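User: Please take a close look at charge pairing here. Which partners meet, and how open is their setting?

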There are 2 protein chains.
Amino acid sequence: MNAEIVATQFRFAVNVLPKEGILDPQGRAVEQSLPHLGLAGIGQVRVGRRVELAVDAPDAAAARGLVDHLARELLCNPMIEQYAIEALGAISAARGEVGG
Amino acid sequence: MNAEIVATQFRFAVNVLPKEGILDPQGRAVEQSLPHLGLAGIGQVRVGRRVELAVDAPDAAAARGLVDHLARELLCNPMIEQYAIEALGAISAARGEVGG
């Protein structure tokens with residue numbers, strides 16, 4: 001039996017941010033703190049969530065499908081938020097007897 | 001006077017996540033919801049914040065310095081969190097009379 005990939009772990013981040021045009025009170029709070037910190041030139045602040053996770057799946061498309069399901073069902077409120085999925089890399093584990 | 005760049009706007013994201021080894025109750029809550037969603041194979045969930053912003057600065061290094069200052073002073077609690085700065089791009093505006 002030749003070596004075969006028995007498991008691949010994919011890492012993703014889901015970035016959830018307020019939709020354009022939706023009031024973002026946390027972003028406003030950061031902007032209002034800028035003068036107290038002596039910081040000029042910073043604006044358009046939006047505050048959201050970042051969720052990092054690992055997925056065991058046979059391939060990248062299947063892994064991304066699971067993450068998309070999770071984002072839609074649990075992580076993002078589609079009325080007021082939008083999300084983007086970011087691939088962070090993959091680790092494969094191989095097992096078997098090469099040339100056996 | 002030749003055309004000169006009068007303003008450059010840089011966009012960044014600051015990703016703030018719980019430090020390794022720090023309890024992450026939001027991540028646990030997501031993991032405990034996975035069976036109810038019928039999702040298998042997802043783990044190592046960490047929940048943090050993502051802050052997107054724009055910076056007007058003369059160059060990318062100066063812009064990143066302002067973002068780093070903001071992250072250290074306001075966005076990240078260094079006792080329990082770590083942050084990473086992600087460059088999202090830049091927009092330059094030029095003005096002047098070419099060959100004038």
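Analyst: **Salt bridges**

A:Glu81 is buried, at a relative accessible area of 14% (buried is under 20%, exposed over 50%, partly exposed in between, with a 1.4 Å probe and protein chains only). The model is predicted: local features need pLDDT of at least 70, side-chain atom pairs 80 or more, while totals for chains, interfaces and linings use all residues. Residues count from 1 along each chain as written, chains are lettered from A and ligands numbered from 1 in written order, and side-chain values use heavy atoms, without hydrogens or water.

A:Glu81 forms a salt bridge with A:Arg49 (a Lys or Arg side-chain nitrogen within 4 Å of an Asp or Glu carboxyl oxygen). Their closest N and O atoms lie 3.0 Å apart. The pair links distant parts of the chain, 32 residues apart. A:Glu81 sits in strand 3 (residues 81-95) of chain A, and A:Arg49 in strand 2 (strands are DSSP E runs of at least two residues, helices H or I runs of at least four, numbered from the N terminus). A:Arg49 is partly exposed, at 27% relative accessibility.

A:Asp68 pairs with A:Arg72 in another salt bridge, again with 3.0 Å between the closest N and O atoms. Both lie in helix 2 (residues 60-75) of chain A. They are 4 residues apart, about one turn of the helix. A:Asp68 is partly exposed at 24%. A:Arg72 is partly exposed at 46%.

In chain B, B:Glu52 and B:Arg50 meet at 2.9 Å, N to O. Both residues are buried. In chain A, salt bridges link A:Arg50, A:Glu52 and A:Glu86 in a network. Over all chains, the search finds 10 salt bridges.
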